[in-house]
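Subject: Handover of a structure and notes on its features

Dear colleague,

Please find below the structure that I am handing over to you. My notes on what was found in it follow.

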Amino acid sequence: MLRKLILAASRSPRLERVIVDSPVSGDVVRRYVPGPAIDDAVRATRDLTGSGLTVTVDNLGEDTTTLEQATAVRDEYVALLRALSAAELTPAAEVSVKLSAVGQRLDEKQTLENARAICAAATEAGTTVTLDMEDHTTTDSTLEILGELRKDFPTTGAVVQAYLRRTEADCRELSAAGSRVRLCKGAYAEPESVAYQSRLEVDKSFVRCVNILMAGDGYPMLATHDPRLIAIGQDRARWFGRSADQFELQMLYGVRPAEQRRLAHDGYTMRVYLPYGTESFGYLVRRLAERPANMALFARSLVAR
Ligand code: FAD
């Protein structure tokens with residue numbers, strides 16, 4: 001019931017204005033989302049790269065319910081990539097794209113064409129794209145589109161979610177030479193039939209996937225704020241003879257920022273996932289309502305460094 005209320009609130013433009021315009025809650029939102037416009041993303045990217053970090057920029061739009069909206073998202077990414085390139089922030093900055101935003105629930109063929117246009121713009125800007133992974137009903141379609149994109153844009157990155165029972169097998173499939181793979185725990189509320197439910201099971205799956213990716217020939221990208229899993233990742237990289245430029249660590253903008261800089265200072269490639277856009281409030285609230293663990297992540301980041 002509470003979750004339904006929170007989700008309904010996240011779709012209220014009036015409530016969004018009240019929250020974002022308030023000095024206190026507005027500051028909280030801006031800690032995770034620097035602003036609504038491309039200029040805000042460019043400014044935040046410049047600050048991060050100036051501290052030795054690399055970045056993946058994500059455009060937060062409204063839910064895409066028409067093909068016109070999907071085209072507008074595609075155009076926004078093309079403009080974003082041009083702006084990042086003009087500001088000489090590529091290749092340190094790449095972009096992350098949710099296929100649902102470019103039409104996945106409406107028309108797969110059009111989605112592939114939109115994603116292809118974004119990959120082409122990224123290539124022109126001297127950088128690349130990673131396809132975010134959404135809920136499990138989209139996994140097969142996302143991996144199929146990824147396979148198509150990689151024929152022309154081989155550096156396009158995949159995301160796998162350790163909470164899904166299928167993910168070890170996906171890691172084996174995706175660990176070939178040249179394949180960039182982001183491993184995360186997973187952020188959606190998924191049923192037991194497809195996903196591990198306990199923290200311990202998810203963590204154990206994450207470690208098994210780290211082993212597969214580090215042993216393989218691809219480029220692992222470990223997206224977690226979990227100090228234990230980061231230490232295991234660093235240890236596994238050493239075990240498999242990978243140097244610091246043969247894998248990377250990733251965290252969300254605003255979450256453990258001091259630790260992000262410390263890891264970069266220690267010589268690791270640390271990539272910050274930077275969301276910007278008009279849907280900042282909806283993004284935060286939906287992420288919080290999705291799973292109790294997400295609520296804990298944001299709450300901790302307000303008090304911890
Ligand atoms: P958690 O399980 O939240 O926390 C584990 C431990 O980490 C905690 O016990 C604590 O010790 C430490 N910790 C966590 N947060 C903090 C904090 N703020 N301060 C101090 N210590 C803390 N999900 C998807 O489903 N699809 C995607 O495409 C996707 N992309 C992502 C990209 C990036 C770069 C990142 C970082 C996450 C992404 N996620 C994605 C979200 C991910 O799946 C998890 O939901 C999210 O990262 C929380 O899991 P966690 O591993 O970071 O740690």
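Which residues does cysteine 209 touch, not counting residues up to four places away in sequence? Cysteine 209 touches Val160, Ala162, Thr167, Glu168, Cys171 and Leu183, where a contact means that two C-beta atoms, placed from the backbone, lie within 7 Å.

Two points on conventions come before the rest. This is a predicted model, in which local features need pLDDT of at least 70, side-chain atom pairs count only at pLDDT 80 or more, and totals for chains, interfaces and linings use all residues. Residues are numbered from 1 along each chain as its sequence is written.

Overall composition

The protein chain contains 13 helices and eight strands; these are DSSP runs numbered from the N terminus, with helices being H or I of at least four residues and strands E of at least two. Of its 305 residues, 40% count as buried. A residue is buried if 20 or more other C-beta atoms, placed from the backbone, lie within 10 Å of its own, exposed if 12 or fewer, and partly exposed in between. Among contacts with a separation of 6 or more, 72% are between residues 24 or more positions apart.

Cys209 is also among the residues with the most contacts inside the largest nonpolar core, together with Val97, Val160, Leu183 and Leu274. That core has 73 residues; the term denotes a set of buried Ala, Val, Leu, Ile, Met, Phe, Trp, Tyr and Cys residues joined through C-beta atoms within 7 Å.

Helix α5 and what follows

Helix α5 (residues 67-86) has 20 residues and spans 29 Å from its first C-alpha to its last, close to the 28 Å expected, that is, 1.5 Å times one less than its number of residues. Its buried residues are Ala70, Val73, Arg74, Tyr77, Leu80, Leu81 and Leu84. They lie on the same side of α5 because they cover an arc of only 120° around the axis, the arc being that of the directions from the helix axis to the C-beta atoms. Exposed residues Glu68 and Ala86 sit on the face turned away from the buried side. The cover over the buried residues includes α4 (38-50), β1 (54-60), β2 (93-97) and α6 (108-124).

Asparagine 59, in strand β1, contacts Val73, Glu76, Tyr77, Leu80, Tyr276 and Gly277, leaving aside neighbours within four places in sequence. Asparagine 59 counts as buried because it has 21 C-beta neighbours inside 10 Å.

The loop between α5 and β2 holds glutamate 88, which has a positive phi of about 55° although it is not a glycine. Glutamate 88 counts as exposed, with 10 C-beta neighbours inside 10 Å. Proline 91 lies in the loop between α5 and β2 as well, and a cis peptide bond with omega of about 5° joins threonine 90 to proline 91.

Surroundings of the ligand

The ligand is surrounded by 25 residues, of which the closest are Cys184, Ala223, Thr224, Tyr273 and Ser301; a residue is included if its C-beta atom, placed from the backbone, lies within 6 Å. Elements giving two or more residues to this shell are β4 (158-161), β7 (248-252) and α13 (292-303). The largest share, four residues, comes from α13.

Yours sincerely
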